[in-house]
Amino acid sequence: QVQLVESGGGLVQAGGSLRLSCAASGSDFRINNMGWYRQTPGKQRELVATVTGSSSTNYADSVKGRFTISRDNTKNTMYLQMNSLKPEDTAVYYCNADMVTYLGRRDYWGQGTQVTVSS
(Lines give C-alpha, C1' and ligand atoms only; values in the text may rest on other atoms or scores of the structure.)
Protein backbone atom coordinates (compact mmCIF):
# COMPACT_ATOMS: atom_id res chain seq x y z
CA GLN A 1 0.00 0.00 0.00
CA VAL A 2 1.44 3.34 -1.06
CA GLN A 3 1.21 6.23 1.35
CA LEU A 4 2.66 9.66 2.01
CA VAL A 5 3.79 10.59 5.51
CA GLU A 6 4.56 14.17 6.51
CA SER A 7 6.69 15.32 9.41
CA GLY A 8 8.32 18.47 10.68
CA GLY A 9 5.41 20.69 11.62
CA GLY A 10 5.19 22.52 14.92
CA LEU A 11 5.04 25.85 16.70
CA VAL A 12 7.50 28.60 15.82
CA GLN A 13 7.75 32.33 16.40
CA ALA A 14 7.37 34.78 13.55
CA GLY A 15 10.63 35.08 11.66
CA GLY A 16 11.62 31.53 12.47
CA SER A 17 12.09 28.49 10.27
CA LEU A 18 10.71 24.99 9.89
CA ARG A 19 11.46 22.16 7.52
CA LEU A 20 8.70 19.81 6.43
CA SER A 21 9.32 16.36 4.98
CA CYS A 22 7.07 14.08 2.99
CA ALA A 23 8.14 10.48 2.48
CA ALA A 24 6.47 8.05 0.12
CA SER A 25 6.39 4.45 1.25
CA GLY A 26 5.23 1.22 -0.29
CA SER A 27 6.44 -0.69 -3.30
CA ASP A 28 6.27 -0.65 -7.07
CA PHE A 29 5.46 2.98 -7.62
CA ARG A 30 6.75 5.89 -9.64
CA ILE A 31 6.38 9.50 -8.52
CA ASN A 32 5.77 12.26 -11.04
CA ASN A 33 5.07 15.79 -9.79
CA MET A 34 4.90 16.53 -6.06
CA GLY A 35 3.63 19.50 -4.15
CA TRP A 36 2.78 21.12 -0.85
CA TYR A 37 -0.63 22.58 -0.10
CA ARG A 38 -2.04 24.24 2.99
CA GLN A 39 -5.44 24.79 4.49
CA THR A 40 -6.90 26.89 7.28
CA PRO A 41 -10.36 26.42 8.83
CA GLY A 42 -13.13 27.64 6.58
CA LYS A 43 -10.89 28.11 3.58
CA GLN A 44 -10.09 26.03 0.53
CA ARG A 45 -6.84 24.14 0.30
CA GLU A 46 -4.30 26.29 -1.52
CA LEU A 47 -1.16 25.52 -3.44
CA VAL A 48 2.10 26.42 -1.75
CA ALA A 49 4.73 24.98 -4.09
CA THR A 50 5.29 22.20 -6.60
CA VAL A 51 8.32 20.32 -7.88
CA THR A 52 8.54 18.14 -10.97
CA GLY A 53 10.47 14.91 -11.37
CA SER A 54 13.34 16.92 -12.85
CA SER A 55 13.17 19.38 -9.91
CA SER A 56 11.59 22.31 -11.71
CA THR A 57 9.76 24.35 -9.09
CA ASN A 58 6.79 26.68 -8.81
CA TYR A 59 5.69 28.79 -5.85
CA ALA A 60 2.66 30.71 -4.70
CA ASP A 61 3.36 34.44 -4.71
CA SER A 62 2.82 34.57 -0.95
CA VAL A 63 5.80 32.30 -0.23
CA LYS A 64 8.26 33.23 -2.99
CA GLY A 65 11.66 34.10 -1.59
CA ARG A 66 10.86 32.53 1.80
CA PHE A 67 10.04 28.87 1.08
CA THR A 68 12.11 26.35 -0.88
CA ILE A 69 10.73 23.08 -2.18
CA SER A 70 13.02 20.19 -3.06
CA ARG A 71 13.00 16.44 -3.48
CA ASP A 72 15.37 13.52 -3.15
CA ASN A 73 14.30 10.92 -5.67
CA THR A 74 16.66 8.33 -4.17
CA LYS A 75 14.70 8.55 -0.92
CA ASN A 76 11.26 9.19 -2.43
CA THR A 77 11.10 12.23 -0.17
CA MET A 78 10.08 15.84 -0.69
CA TYR A 79 10.97 18.78 1.54
CA LEU A 80 9.71 22.28 2.22
CA GLN A 81 12.16 24.64 3.87
CA MET A 82 10.18 27.52 5.34
CA ASN A 83 12.08 30.63 6.41
CA SER A 84 10.95 34.04 7.64
CA LEU A 85 7.67 32.53 8.74
CA LYS A 86 4.68 34.80 9.28
CA PRO A 87 1.53 34.27 11.36
CA GLU A 88 -0.44 34.04 8.12
CA ASP A 89 1.56 30.91 7.24
CA THR A 90 -0.28 29.11 10.05
CA ALA A 91 -2.16 26.18 8.51
CA VAL A 92 -2.26 22.43 8.10
CA TYR A 93 0.25 21.56 5.40
CA TYR A 94 -0.44 18.60 3.11
CA CYS A 95 1.89 16.89 0.68
CA ASN A 96 0.62 15.66 -2.63
CA ALA A 97 2.10 13.34 -5.21
CA ASP A 98 1.06 12.28 -8.68
CA MET A 99 1.99 8.61 -8.59
CA VAL A 100 1.77 5.56 -10.79
CA THR A 101 1.17 2.19 -9.11
CA TYR A 102 -0.25 -1.14 -10.20
CA LEU A 103 -3.65 0.50 -9.73
CA GLY A 104 -2.85 3.14 -12.30
CA ARG A 105 -2.11 6.84 -12.04
CA ARG A 106 -3.69 8.99 -9.34
CA ASP A 107 -3.07 11.69 -6.75
CA TYR A 108 -2.03 10.71 -3.25
CA TRP A 109 -2.25 12.94 -0.16
CA GLY A 110 -0.54 12.87 3.18
CA GLN A 111 -2.38 13.16 6.48
CA GLY A 112 -1.31 16.75 7.06
CA THR A 113 0.98 18.41 9.56
CA GLN A 114 0.14 21.50 11.62
CA VAL A 115 2.31 24.58 11.33
CA THR A 116 1.61 27.36 13.81
CA VAL A 117 3.44 30.68 13.67
CA SER A 118 3.03 32.94 16.69
CA SER A 119 3.37 36.70 16.49
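Leaving aside neighbours within four places in sequence, Thr 101 is in contact with Val 2, Asp 28, Phe 29 and Tyr 108, where contact means heavy atoms within 4.5 Å. Here is a friendly tour of the rest. This is a predicted model, in which local features need pLDDT of at least 70 and side-chain atom pairs count only at pLDDT 80 or more, while totals for chains, interfaces and linings use all residues. Residues are numbered from 1 along each chain as its sequence is written, and side-chain values use heavy atoms, with hydrogens and water left out.

**Overall build**

- The protein chain has zero helices and eleven strands; helices (H or I, at least four residues) and strands (E, at least two) are DSSP runs, numbered from the N terminus.
- The radius of gyration of the protein chain is 14 Å, close to the 14 Å from the globule rule for 119 residues, so the chain is as compact as a globular protein of that length. That radius is taken over C-alpha atoms, and the globule rule is 2.2 Å times the number of residues to the power 0.38.
- The C-alpha trace spans about 45 × 25 × 20 Å along its principal axes.
- Of the 119 residues, 41% count as buried; buried means under 20% relative accessible area, exposed over 50%, and partly exposed in between (1.4 Å probe, protein chains only).
- Among contacts with a separation of 6 or more, 55% come from residues 24 or more positions apart.

**The disulfide**

- A search of the whole structure finds one disulfide, a term for a pair of cysteine sulfur atoms within 2.5 Å.
- Cys 22 and Cys 95 form this disulfide, with their sulfur atoms 2.2 Å apart.
- The pair links distant parts of the chain, with Cys 22 in strand 3 (residues 18-25) and Cys 95 in strand 9, 73 residues apart.
- The torsion about the S-S bond of Cys 22 and Cys 95 is about 55 degrees, so the disulfide is right-handed.
- Cys 22 has a relative accessible area of 0% and is therefore buried; Cys 95 also counts as buried, at 0% relative accessibility.

**Strand 8 and its partners**

- Five of the six residues of strand 8 (residues 77-82) are buried, so this strand is largely enclosed by the rest of the structure.
- Strand 3 and strand 8 run antiparallel and are joined by six bridges; two strands pair if DSSP finds at least two bridges between them.
- Opposite Cys 22 stands Met 78 in strand 8.
- Strand 7 (residues 67-72) also pairs with strand 8 in the antiparallel sense, over six bridges, and here Thr 68 has Gln 81 in strand 8 as its bridge partner.
- Strand 7 and strand 8 form a hairpin with four residues between them, and Asn 76 in the turn has a positive phi of about 50 degrees.

**Aromatic rings and charges**

- A search of the whole structure finds one aromatic pair. Rings of Phe, Tyr and Trp (its six-membered ring) pair if their centres lie within 6.5 Å; planes under 30 degrees apart count as stacked, over 60 as edge-to-face and the rest as tilted.
- The rings of Tyr 37 and Trp 109 have centres 5.1 Å apart and planes at 65 degrees, so the pair is edge-to-face.
- Tyr 37 lies in strand 4 (residues 30-39) and Trp 109 in strand 10 (residues 104-109), so the pair ties together parts that are 72 residues apart in sequence.
- Tyr 37 is partly exposed at 21% relative accessibility, and Trp 109 is partly exposed with a relative accessible area of 36%.
- The charged end of Arg 19 sits over the ring of Tyr 79, 4.1 Å from its centre; a charge sits over a ring if NZ of Lys or CZ of Arg is within 6 Å of the ring centre and within 35 degrees of the ring normal.
- Arg 45 has its charged end over the ring of Tyr 94, 3.7 Å from the ring centre.

**Two threonines to look up**

- Thr 101 lies in strand 9 (residues 91-101) and is buried, with a relative accessible area of 10%.
- Thr 116 is found in strand 11 (residues 113-118) and is partly exposed, with a relative accessible area of 28%.
- Not counting residues up to four places away in sequence, Thr 116 touches Gly 10, Leu 11, Val 12 and Thr 90.
- The C-alpha atoms of Thr 116 and Asn 73 are separated by 28 Å, and these residues are 43 residues apart along the chain.
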